[in-house]
Amino acid sequence: MNNMILCDNCKRSIAIGGLMIQSFRAGEYEISFFQCPHCGTKYQINTTDNEQRELLRQQRVQRDKIRAGRAKNFKMKTLRRYAKAAEKAKRQAEQRAGDLNQIGAALLEGKPLDAIMREREETNCEKTNDRSNSTEISHSGQRDQAATGDAAATGERQ
């Protein structure tokens, strides 16, 4: 087993066993990372916020319920319900992970949290406007077709 990784920046080997995991908080975000001991490049491990931590807690609770339920011979239906709840929390956490890791990467680069959030808000507004514009176009196209269809049905000319 190879217990070494290569730093992308300085290309030197880093012993995995010797890594010191660090974390810091910025607002509700907690970023876990390690640094290359040679050049100081930071590598993000994970970023969480309050909602993500709650989803991870829900997964643990459901797994604990499954373990306890097996030991106490709970009905299979009950165990499946616990497993389904754990899976739902896991899916939700996975869906959020990409966005959280983008925020974490920006924070590791030293960007201020308020600037990151402002940038994300602007991007979301642009996406919403793009979707609204395409919806308006498709709705007006449908209205035009409906009006044309009505005119043709009644024999009227536009």
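Visitor: Is R57 buried, partly exposed or exposed?
Guide: R57 counts as partly exposed, at 39% relative accessibility. Buried means under 20% relative accessible area, exposed over 50%, and partly exposed in between, using a 1.4 Å probe and protein chains only. This is a predicted model, where local features need pLDDT of at least 70, side-chain atom pairs count only at pLDDT 80 or more, and totals for chains, interfaces and linings use all residues. Residues are numbered from 1 along each chain as its sequence is written, and side-chain values use heavy atoms, with hydrogens and water left out.

Visitor: Which side chain does R57 meet in a salt bridge?
Guide: That's E54, at 2.7 Å, N to O. A salt bridge here is a side-chain nitrogen of Lys or Arg within 4 Å of a carboxyl oxygen of Asp or Glu. Both residues lie in helix α1, three residues apart, about one turn of the helix (helices are DSSP runs of H or I, at least four residues, and strands are runs of E, at least two, numbered from the N terminus). E54 is partly exposed too, at 32%.

Visitor: How many salt bridges does the structure hold?
Guide: Six. One of them joins R96 and D49, at 2.8 Å, N to O. That pair links distant parts of the chain, with R96 in helix α2 and D49 in the loop between β5 (42–48) and α1 (50–71), 47 residues apart.

Visitor: And D49, buried or exposed?
Guide: Buried, with a relative accessible area of 5%. D49 also belongs to a salt-bridge network with E51 and R96.
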